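Good morning, everyone, and thank you for making time for this short talk.

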Amino acid sequence: MRHLPAGLAASLLLFAGHLDAQSVRDHVALGTAAMQVHDLPTALAHYQAALALDSLDYEANWRASIALLDQGELIPDSVRSPRRDSLYAEAERLAHRAVAADSMGADGHFALAAAVGRASLSMGKKERIRRARIIRDEALRTIALDPKHDGAYHILGRWNAEIMRLSGLSRFFAKSLLGAGIFREASWEGAISNMEQAVALDPGRLYHHLELAEIYVDRKRYPEARAQIHELEQLPDREIMDSVYRREATALGAKIADKR
């Protein structure tokens with residue numbers, strides 16, 4: 001995702017209280033600044049204020065969608081949480097609205113791919129597989145509009161990996177629900193190449209390195225997985241979930257420490 005310079009983000013937050021009559025653009029800028037310093041409540045308050053002024057504003061919708069996904073991700077997937085599910089459902093609704101407002105905006109399609117993926121986590125296997133087509137199509141559309149969108153390549157990498165991780169009855173459902181053509185397009189090669197592209201486009205993003213390491217482990221490419229973990233360990237935290245990704249990378253590294 002795109003980032004504001006840290007100094008600009010801090011300055012926008014510092015002067016936020018001095019904007020008496022804020023426009024949609026003011027609220028979006030302040031929300032984005034708050035996201036940069038991981039202040040999700042403030043960010044969401046500004047995005048919601050922007051949407052109250054113009055519910056169809058493209059940028060306010062996709063940015064609010066991403067903020068809601070970040071907020072939901074703070075609740076572990078292992079915990080049953082209606083609150084998290086509602087955050088993801090609302091994120092998906094706003095992403096749909098962003099795409100409707102501007103079908104040529106890459107970030108709207110990315111937000112929709114990400115939101116559909118996250119919202120699917122609480123659904124049954126058949127529904128998750130059915131929605132996999134939407135995730136893939138929206139990620140591909142994002143790349144068509146912005147060939148350097150690292151987040152979309154990340155989603156495509158995960159899409160390939162998660163389908164290849166299916167087994168037995170789940171693979172049968174995937175083939176029948178997705179269609180044999182799309183099902184055959186999923187491959188470990190696609191998982192690796194797309195995630196490697198995400199890393200190449202934004203090597204400072206911890207999440208890319210972690211997911212690529214996990215895919216390498218799936219393929220028993222342990223030295224390469226350890227290299228990704230090492231790269232991750234040298235990077236500073238940048239996003240709100242980075243401390244979690246760092247712990248997961250440490251655990252993965254310990255798990256494969258003796259594997260060759």
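This is a predicted model: local features need pLDDT of at least 70, side-chain atom pairs count only at pLDDT 80 or more; totals for chains, interfaces and linings use all residues.

**Helix packing and charged pairs**

Let me start with Glu-138, which, once its neighbours within four places in sequence are left aside, is in contact with His-109, Leu-112 and Ala-113, where contact means heavy atoms within 4.5 Å. Residues are numbered from 1 along each chain as its sequence is written, and side-chain values use heavy atoms, with hydrogens and water left out.

Glu-138 is found in helix H7, residues 125-145; helices here are DSSP runs of H or I with at least four residues, numbered from the N terminus. Glu-138 is buried but has no salt bridge, and the nearest side chain of opposite charge, that of Arg-141, is 6.9 Å away. Buried means under 20% relative accessible area, exposed means over 50%, and partly exposed lies in between, with a 1.4 Å probe and protein chains only. For charge, Lys and Arg count as positive and Asp and Glu as negative, whereas His and the chain ends are not counted. A salt bridge is a side-chain nitrogen of Lys or Arg within 4 Å of a carboxyl oxygen of Asp or Glu.

Let us turn to the helices. How do H5 and H6 pack? Helix H5 (residues 82-101) and helix H6 (residues 106-119) pack at an angle of about 155°, and their axes are 8 Å apart; axes are lines fitted to C-alpha atoms, for helices over the stretch in contact, and angles run from 0 to 180 degrees between N-to-C directions. H5 and H6 are therefore roughly antiparallel to each other, a label for angles over 145 degrees, while those under 35 count as roughly parallel, 65 to 115 as roughly perpendicular and the rest as oblique. Among the residues that make this contact are Tyr-88 and Ala-91 of H5, and His-109 and Leu-112 of H6.

Helix H4 (residues 58-73) also meets H6, with axes that come within 9 Å and cross at roughly 30°, and that makes H4 roughly parallel to H6. The residues in this contact include Trp-62 and Leu-69 of H4, together with Phe-110 and Ala-114 of H6.

Finally, the charged pairs. The structure holds 20 salt bridges, and one of them joins the side chains of Asp-57 and Arg-25, at 3.1 Å from N to O. Asp-57 lies in the loop between helix H3 (40-53) and H4, and Arg-25 in helix H2 (residues 24-36), so the pair ties together parts that are 32 residues apart in sequence. Is Asp-57 buried or exposed? At 11% relative accessibility Asp-57 counts as buried, whereas Arg-25, with a relative accessible area of 41%, is partly exposed.

Arg-25 also forms a salt bridge with Glu-59, whose closest N and O atoms are 3.4 Å apart. Since Arg-25 lies in helix H2 and Glu-59 in helix H4, this pair ties together parts that are 34 residues apart in sequence. Glu-59 counts as partly exposed, at 26% relative accessibility. Elsewhere, Asp-150, Asp-202, Arg-205, Arg-238 and Glu-239 are linked in a network of salt bridges.

Terms used
Helices (H or I, at least four residues) and strands (E, at least two) are DSSP runs, numbered from the N terminus.
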